[in-house]
There are 2 protein chains.
Amino acid sequence: MSHVSAPTRRSEETRSTAYVILGCLRLQERKPKESQLAGERAATLSDVAREAGVSLATASRALNGSDRVVRPELQERVLAAANKLGYTPNANAQAMARGSTETVGLLVKDISDPYFSTIAGGLADEAEKHGLLVMLCNTGGQPEREQKFLAALRRQRSRAIVLAGSDTADVRHTSEVADLLTSYLDGGGRAAAISQPRLPVDTVVIDNHGGAKALAEQLVGLGYRRAAVLTGPEDLLVSAERHAGFAEGWLEATGTAPAYVSDEFSRDGGRRAMTRLLEEGRNDGAEVDCVFAVNDLMAVGALAACRQAGVEVGPDLAVAGFDDIATLRDVTPGLTTVRLPLAEIGRLALELVLGKPSAELRKRSVHGEVVLRESTPPRS
Amino acid sequence: MSHVSAPTRRSEETRSTAYVILGCLRLQERKPKESQLAGERAATLSDVAREAGVSLATASRALNGSDRVVRPELQERVLAAANKLGYTPNANAQAMARGSTETVGLLVKDISDPYFSTIAGGLADEAEKHGLLVMLCNTGGQPEREQKFLAALRRQRSRAIVLAGSDTADVRHTSEVADLLTSYLDGGGRAAAISQPRLPVDTVVIDNHGGAKALAEQLVGLGYRRAAVLTGPEDLLVSAERHAGFAEGWLEATGTAPAYVSDEFSRDGGRRAMTRLLEEGRNDGAEVDCVFAVNDLMAVGALAACRQAGVEVGPDLAVAGFDDIATLRDVTPGLTTVRLPLAEIGRLALELVLGKPSAELRKRSVHGEVVLRESTPPRS
DNA sequence: AACCTCCGATGAAACGATTTAGACACGGAC
DNA sequence: GTCCGTGTCTAAATCGTTTCATCGGAGGTT
């Protein structure tokens, strides 16, 4: 077989490697139906047992060596047979027989948001270490979807669930989620939440309040005196906590409370809020020297608004954010923010949810670290 | 029951809603072991059937009404029984009996990379519409991990697999992946790839070459004459394609080939490459007026390097990227780039993999759109 | 030689669904 | 009165593993 470039010349023995030679791998001739009808169904454990000339039980033990009491010689024969037949255990059957799976569910509001994707990355890495698979559930912040996913994960008999999602003050929804969760827990599942302290499960608590407060103190230390906060929707807990923390710090340090404007918890929300803030400031003359956006995305929107309005961030006006999103570390001017170890948070959440269960709710606190950059220079 | 604030007063009937009244929901008293031993195991379909006074078969039909031939009255009785017992179908058992699952696997190199997370977002949304769950596999670009995940997805009898991952010229690895994939396909699975044309499966082809070429043409049109390309590792296909496309366009338009520097396919790689480029330029006097980084992350790194070196991007030097990552749309100066409909690509990949199988390989092309911003002003 | 112990392997019963083939009752047509 | 559909429901087989009793035999004690 000289060159394999003529697809017609390809024979059976070439199936595994020959087509690699081509720049573009070719699909070998599949016969979608025939192969199944021809009794070529996936090899099962009984097939392996028969091939090796042992019983089902022995084959099972030899393969997953649970309570390894199988003669080495037999073990080898079974392994060889499995290999020869291309045996792949059926995880669903295993799950049924064992009564537990190797799957954990992860609920996020929006995986394309770097906040969540970074958490997901950390969690996925940790999961891989434990040999677990991650079910990604993108709720889009819709309560129905969140509940649907929760139900689905329960059906799947997921070993554990991590909620990193929408964290609203919607009592009705929260209570329904709590219900689903407790019945899931009753069924032997494990669950943990990230920064949703209202849920009746173990939680990775992010110190939003403290981080924002520390930021406020630093800003006052830099010489700023009149602040405004760009917040998300009122019922979004993260936003509310950060707002409150900042306000508290600011009040304690300056004796005045910061103003605030709220809009969407997104880049565009930040831009709109900032635009409004600038207009109002011009109108009533009560201009601020410093703006805190409750997350980096909003802060970046604010930067854009400033640019458009001809306000130079840094000299004219200080802007700070929260999260320290990696891809945003290069905006100009460098954005002062509160760094959150997001990947670590994901890792921690999985650790928490896999740790041995305890009667009382476990909490694991994570603190942010203020990172000063050029968007908040010392005030002259 | 006036105020429920005293946990001790809580009785059985309050289980579903009462604790919601508290600011912080409380875990109801769980008895981790007892409840299981007390025969309180999850309700099964037989339980429901018994409760409703019908047979297993009827209960099954009534619930998932496949070939609906069950009397409405009975149907209702079954539904009521299921509801009363809090019945949750066991997806694993269903998967076994039906021989198929509701799960699709998604392999990405790094979910915390906005490129992949945006694709994942699009795919997840589409999956939700089809009632499918997404298994997220974060390969970290490690071949062994990729193969492990593929095997795991096969064990799980995933309905389909989408590969959006590492796309290297490593022939050995690619061939092993191809092997795993074909045996998965033989087992009745479906698979598709994103921008990995060497794999023997349906593919969403991203026109990296054309996009980069178009970008080159536009830049020449703006008056640039001496270009350099910041590439990723040589064996990374995306990088190579974009490099080649840009080079081709540039060569055709100016008659000269662009120089290039390669480094990691990341922000830091871009920064290092740019730094080296600037140094070399100063040394041999062959300075460039325009730099194309093969993705936005590298471009942003390049911007940082320029800033540090005191080179003003725009007036002094043009910089362009590729992808149009959403969170990077606000860097300053605005980054010229080639916009890719990433979410759409994820959606498309799922569509492709769920579409009815065909004998020949299906390809779906996606083109980028050049977006000019301030980082590449018209050359005076 | 009879008895007791282990050790290693096996048979068969779960696990929780779906689904096929069969049973039963009821009418209408001849 | 017999025959044949038709419409519902049930019994039982099946899916692929795990695991709990068993059970046969080898080896050591008395």
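Modeller: Let's open with one pair: A:Val134 stands opposite B:Leu136, a residue of β2(B). This is a predicted model, in which local features need pLDDT of at least 70 and side-chain atom pairs count only at pLDDT 80 or more, while totals for chains, interfaces and linings use all residues. Residues are numbered from 1 along each chain as its sequence is written, and chains are lettered from A and ligands numbered from 1 in the order in which they are written.

Biologist: How do I read a strand pairing, and in which sense do β2(A) and β2 of chain B pair?

Modeller: Strands of a sheet pair through backbone hydrogen bonds, either parallel or antiparallel. Strands here are DSSP runs of E with at least two residues, and helices are runs of H or I with at least four, numbered from the N terminus. Two strands pair if DSSP finds at least two bridges between them. In our case β2(A) and β2(B), residues 133-138 of chain B, are antiparallel, with three bridges. Inside chain B, β2(B) also pairs with β1 (103-108), this time parallel and over six bridges. There B:Leu106 has B:Leu136 as its bridge partner.

Biologist: Which way do the side chains of β2(B) point?

Modeller: In a regular strand the side chains alternate between the two faces of the sheet. Here B:Leu133, B:Met135 and B:Cys137 point one way, B:Val134, B:Leu136 and B:Asn138 point the other, and all are buried. "Buried" stands for 20 or more other C-beta atoms within 10 Å of the residue's own, "exposed" for 12 or fewer, and "partly exposed" for anything in between, with C-beta atoms placed from the backbone. By that count six of the six residues of β2(B) are buried.

Biologist: How do I read a whole sheet, and which strands of chain A stand at the edges of the four-stranded one?

Modeller: Follow the strand order: β7-β6-β8-β9 in chain A, an open sheet with parallel pairing. β7 (259-262) and β9 (318-320) of chain A are at the edges with a single partner strand each, so one side of each has no neighbour in the sheet. On average, neighbouring strands are turned by 20° against each other, direction ignored. Angles run from 0 to 180 degrees between N-to-C directions, and axes are lines fitted to C-alpha atoms, for helices over the stretch in contact. Inside this sheet, β6 (227-231) and β8 (290-293) of chain A share four bridges, and A:Ala227 stands opposite A:Cys290. Helix α9 (208-221) of chain A lies across β6, β8 and β9, at about 160° to β9(A).

Biologist: What about A:Asp207: buried, partly exposed or exposed?

Modeller: A:Asp207 has 18 C-beta neighbours inside 10 Å, so this residue counts as partly exposed. A:Asp207 is in the loop between β5 (202-206) and α9 of chain A. Leaving out residues up to four places away in sequence, A:Asp207 touches A:Ser365, A:Val366, A:His367 and A:Gly368. A:Val366 is 159 residues away along the chain, yet the two C-alpha atoms are separated by 6.0 Å.

Biologist: Last one: which residues have the most contacts inside the largest nonpolar core?

Modeller: A nonpolar core is a set of buried Ala, Val, Leu, Ile, Met, Phe, Trp, Tyr and Cys residues joined through C-beta atoms within 7 Å. The largest has 188 residues, and A:Val162, A:Val291 and B:Val162 have the most contacts inside it. Not counting residues up to four places away in sequence, B:Val162 touches several residues, among them B:Val104, B:Leu106, B:Ile194 and B:Val353.

Methods:
Contact = placed C-beta atoms within 7 Å.
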